[in-house]
Amino acid sequence: MRQITLNVNSALDGVDLTAGVAASLAEAGILCNMVALYHHDHIFVPAGLADRALHLLETLQRESARAMRKC
């Protein structure tokens, strides 16, 4: 397994970020284990899929930033 850290402040009782990330990875065929913390979240993915997962997460980040600028 490889660890990917999301450096975001997320509420421990909030599920939107965790669920959205996990769902996006699952849709791409990448299973993951999520660990949600206060100042950052960790995603553990199979080592052989880590580069693909990171690329997907970077793409999601860019798309999210574009969507926020349009609001």
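Modeller: Happy to! Let's start with serine 24, which sits in helix α1; helices here are DSSP runs of H or I with at least four residues, strands are E runs of at least two, and both are numbered from the N terminus. This is a predicted model, where local features need pLDDT of at least 70, side-chain atom pairs count only at pLDDT 80 or more, and totals for chains, interfaces and linings use all residues. Residues are numbered from 1 along each chain as its sequence is written, and side-chain values use heavy atoms, leaving out hydrogens and water.

Serine 24 is buried, at 18% relative accessible area (buried means under 20%, exposed over 50%, partly exposed in between, with a 1.4 Å probe and protein chains only). Leaving out residues up to four places away in sequence, serine 24 touches Leu56 and Leu60, where contact means heavy atoms within 4.5 Å.

Now for the helix pair. The axes of α1 (residues 16-27) and α2 (residues 50-70) come within 10 Å and cross at roughly 125°; axes are lines fitted to C-alpha atoms, for helices over the stretch in contact, and angles run from 0 to 180 degrees between N-to-C directions. That makes α1 oblique to α2 (under 35 degrees is roughly parallel, over 145 roughly antiparallel, 65 to 115 roughly perpendicular, the rest oblique). From α1, Val21, Ser24 and Leu25 make the contact, meeting Ala53, Leu56, Leu57 and Leu60 of α2.
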